[in-house]
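Please keep the sequence and the model in view while reading.

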Amino acid sequence: MDNSKKEVILSGIRPTGRLHYGNYFGALRHFINLQEQGQVCYYFIADYHALTTISEREDFYRQTLEMLRTYVACGLDPNKSVIYRQSDLPCTAELTLLLGMITNIGFLERGTTYKDKMNKLVEDNDLEGNPLSYGLLGYPVLMAADILIVRADKVPVGDDQRQHVEMAIDIAQRFNYRFGETLKVPAAVSREALRLPGLDGAAKMGKTEHNTLDLLDDPQSVLKKIKGVQTTTDPLPLDTDSNDPDVIIPRMPTSLGVLYRLLSLLAPEDVYLDFLSKYRRGEKFYGTLKTTLAKYVSEFNAPIIERYNEPGNNDEFIISFLRENAKKVTPVALETVETCRQAMGIGHSIYRA
Ligand code: ATP
Ligand code: MG
C-alpha cells in the first residue's frame with residue numbers, strides 16, 4: 001500500500017475486567033480489520049483511564065497483562081500494530097495538561113460519564129463536597145490527548161464513546177483556533193458504531209457494570225449466562241417488514257434485543273431470520289433461541305481461549321513487545337507535544353532537545 005494513503009488509527013481499552021462482546025463488536029473487530037488493511041495502528045491499554053475506577057491495586061498490573069494477552073488471542077499482532085500501555089507514554093500526561101489549559105469546566109461537565117455519575121449522586125442525596133474526582137471530570141481531556149498525540153485520523157470505538165471523540169475533535173479545533181493549525185483533527189465516529197446492551201437488559205454491556213458475556217467464557221458459563229437473560233417480557237410488535245438488526249433490535253425489549261443482536265453477529269443469516277419469524281409469529285421459542293445462541297458464542301470463543309492459553313502468549317512475550325512498541329510510539333508522541341509547546345509559546349523542552 002502507498003504509504004501516503006495510510007490512515008493513522010488509534011484506540012484503547014481500559015484494563016477494568018475481561019474483554020466482552022461489546023468490546024469486541026464495538027471496537028476490537030475494527031482494530032483487527034484496520035490492522036489487516038495495513039493502516040498505521042496504535043492500540044493501547046488505557047491504564048491511566050482505569051484509575052478512575054480501579055481500587056484493587058494488587059489486581060491492576062495483572063489485569064493489564066491479561067487484557068494484552070486477550071488482545072493477542074483475538075488477532076492483534078504486535079508486529080503489525082503498535083500495542084502499548086498508556087502509562088508507558090507519559091508525555092500523554094503533559095499533553096493532557098496543555099489541553100486542560102484551554103478546556104472549560106462547563107464543557108467537561110456535559111460529558112456523559114461525569115454527568116451520569118453526578119446525577120446518581122444527586123438522586124442519592126450524596127453530593128456533599130462533590131466527591132467525584134478531577135480525573136473523572138478530566139477524562140475527555142486525557143482521551144483527547146491519547147488521540148491527538150499520535151495524530152490519529154480515525155478512532156474506532158463503540159457508540160458509547162461517540163461523545164468523547166466529539167469532545168476530542170472540539171478540543172483540537174479550539175487549540176488550532178487559538179494557536180494556529182497544530183493538531184490533526186480526527187474524523188467523527190462512524191454512524192454504524194454499535195452499542196451492545198447488557199445481559200441484564202441495561203442499555204450498555206460494560207466491564208464495570210458486571211453484565212457481560214466475555215470472550216474467555218467457557219461453554220458452561222456461556223450457557224449459564226445466556227439462560228439467565230430475562231425473556232419473560234412479552235415481545236413487542238415490530239411494526240416493520242425490515243429484517244435489518246439496526247431497525248429490529250431497538251423495537252424489542254432490551255434483554256431480547258441483546259440475544260438477537262448477538263445472533264445476527266454470530267449465526268448464519270438464515271438462523272437469525274428463522275428466529276425472527278418465530279418472534280413475529282409470537283411462538284414460544286426462547287429455550288431453543290438461547291441454546292442455539294450459546295452454541296455460536298462458544299464456537300466463537302473456542303479459538304480465542306486456545307490462543308489465550310498458548311504457552312508463548314505469556315508475560316515475558318507481552319512485556320518485551322510493550323517495550324519495543326513504547327519505543328515506536330514515543331518519538332511520534334514527543335513530536336506532537338513539542339509542536340504544541342511551541343504553538344503555545346513556551347518553547348521546546350530544553351532537556352529533550
Ligand atoms: P468500563 O466499564 O470499565 O468503562 P467498558 O466495558 O465500557 O469498561 P471500555 O474499556 O470503556 O469498556 O471501552 C473499550 C471499547 O469498547 C470502547 O471503544 C467502547 O466504545 C467499546 N465498548 C464498551 N462497551 C461496549 C458496548 N456495550 N457496545 C459497544 N461497544 C462497547
Ligand atoms: Mg467504558
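The points below treat the ligand, the pockets and the cavity in turn.

The model is predicted. The space taken by ligand 1 is the largest pocket, and about 1,100 Å³ of space lies in that pocket. The second largest pocket has a volume of about 520 Å³. The structure also holds one cavity of 30 Å³ or more.

**Ligand 1 and its shell**

- There are 22 residues around ligand 1, and those that come nearest are T16, H20, D160, K207 and T208.
- The side chain of D160 has an N or O atom 2.7 Å from an oxygen atom of ligand 1.
- On its own, ligand 1 has 590 Å² of accessible area, of which the protein covers 95%.
- At least two residues of the shell around ligand 1 come from strand 1 (8–13), and at least two come from helix 1 (21–36).
- Helix 1 gives the most to this shell, with four residues.
- By class, the shell around ligand 1 divides into 10 polar, six nonpolar and six charged residues.

**The largest pocket**

- A volume of about 1,100 Å³ is found for the largest pocket.
- The lining of the largest pocket consists of 49 residues, and R14, Y139, D160, Q161 and K204 are the closest to its centre.
- Two or more lining residues come from each of strand 1, helix 1, helix 6, helix 8 and helix 9 (162–179).
- Helix 1 gives the most to the lining of the largest pocket, with five residues.
- The lining of the largest pocket has 19 polar, 18 nonpolar and 12 charged residues.

**The second largest pocket**

- For the second largest pocket, the volume is about 520 Å³.
- This pocket is lined by 19 residues, and T96, Y134, G135, G138 and V141 are the closest to its centre.
- Helix 2 (47–50), helix 4 (91–100), helix 5 (105–109), helix 7 and helix 8 are the elements that give two or more residues to the lining of the second largest pocket.
- Helix 4 provides the largest share of that lining, four residues.
- The lining of the second largest pocket includes no charged residues, and it has 12 nonpolar and seven polar ones.

**The cavity**

- About 30 Å³ of space lies in the largest cavity.
- The residues that line the largest cavity are L108, G111, T113, Y114, L136, L137, Y139, P140 and H164.
- Helix 6 (112–123), helix 7 (134–137) and helix 8 (139–149) each supply at least two residues of the cavity lining.
- Six nonpolar and three polar residues make up the lining of the largest cavity, with no charged residues.

- Helix 8 gives two or more residues to the lining of the largest pocket, two or more to the lining of the second largest pocket and at least two to the lining of the largest cavity.

Conventions: Residues are numbered from 1 along each chain as its sequence is written. Chains are lettered from A and ligands numbered from 1 in the order in which they are written. This is a predicted model: local features need pLDDT of at least 70, side-chain atom pairs count only at pLDDT 80 or more; totals for chains, interfaces and linings use all residues. Side-chain values use heavy atoms; hydrogens and water are left out. On a 1 Å grid over the protein atoms alone, a cavity is a set of points where a 1.4 Å probe fits but cannot get out, and a pocket is an open set with protein on both sides within 12 Å along at least five of seven lines; lining residues have an atom within 4 Å of a point. Grid points are joined across faces, edges and corners, and a volume is the space filled by probe spheres set on the points. Ala, Val, Leu, Ile, Met, Phe, Trp, Tyr, Cys and Pro count as nonpolar, Asp, Glu, Lys and Arg as charged, and the others, Gly among them, as polar. A residue is near a molecule or strand if one of its heavy atoms lies within 4 Å of it. A polar contact is a pair of N or O atoms within 3.5 Å; within protein, one must be able to donate a hydrogen and the other to accept it, and residues adjacent in sequence count only if both atoms are side-chain atoms. Accessible areas come from the Shrake-Rupley method with a 1.4 Å probe; for residues, only the protein chains shown count as cover. A molecule sits in a cavity or pocket if more than half of its atoms lie within 2 Å of its grid points.
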